[in-house]
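I opened my notebook for a first look at this one. Here is what I looked up.

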Amino acid sequence: MSTPYGNLTDKTTEALQHAQSDVVQRRHAAIEPAHILFSLMTQEGGIVSSLFRRANKDEKTILSGLAGILARQPKLAQANAQPGLSSESQSVLLKAKDEAATMKDDYVSAEHVLLALSESPSLSTIFK
């Protein structure tokens, strides 16, 4: 899928769609980096949780930290039918596109998004 954020792999597109659904369900205003990371970590057949395991990072601790961040997000009175990306999430995806270009990859994958998320200010406590 070609976007302003580059050519996204199917798994990256799927994760962003899941994040959007999660935002609607939670009645949050916009897709934040925590929504994207949560979606990547819980994605069936995704690679992100295995990358954390290989790095000897406890998935349950990370998911618990993400749950805390998501619980602190302000709720809307009504669900936002088409929530967009927050400015921080837009920056993350642009950074992921840059990561892909640096690695001479044609597609922005979950790995590129994870690298970009690791620099996201709102997730600094997760990536310590």
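Which helix is Ser-49 found in? I found Ser-49 in helix 3, residues 48–54 (helices are DSSP runs of H or I, at least four residues, numbered from the N terminus).

Before going on, I noted that this is a predicted model, where local features need pLDDT of at least 70 and side-chain atom pairs count only at pLDDT 80 or more, while totals for chains, interfaces and linings use all residues. Residues are numbered from 1 along each chain as its sequence is written, and side-chain values use heavy atoms, with hydrogens and water left out.

Back to Ser-49: it counts as buried at 11% relative accessibility (buried is under 20% relative accessible area, exposed over 50%, partly exposed in between, with a 1.4 Å probe and protein chains only). Leaving out residues up to four places away in sequence, Ser-49 touches Met-41 and Glu-59 (contact means heavy atoms within 4.5 Å).

Next I looked up salt bridges, and the structure holds five (a side-chain nitrogen of Lys or Arg within 4 Å of a carboxyl oxygen of Asp or Glu). Glu-59 turned up again, in a salt bridge with Arg-53, with the closest N and O atoms 2.9 Å apart. Arg-53 is partly exposed at 46%.

In helix 1 (residues 10–26), Asp-22 and Arg-26 sit four residues apart, about one turn of the helix. Their side chains meet in a salt bridge at 2.8 Å, N to O. Asp-22 is buried at 8%, and Arg-26 is partly exposed at 24%.

My last entry is Glu-119 and Lys-95, whose salt bridge is 3.9 Å, N to O. Glu-119 lies after helix 6 and Lys-95 in helix 5, so the pair ties together parts 24 residues apart in sequence.

Technical notes
Helices (H or I, at least four residues) and strands (E, at least two) are DSSP runs, numbered from the N terminus.
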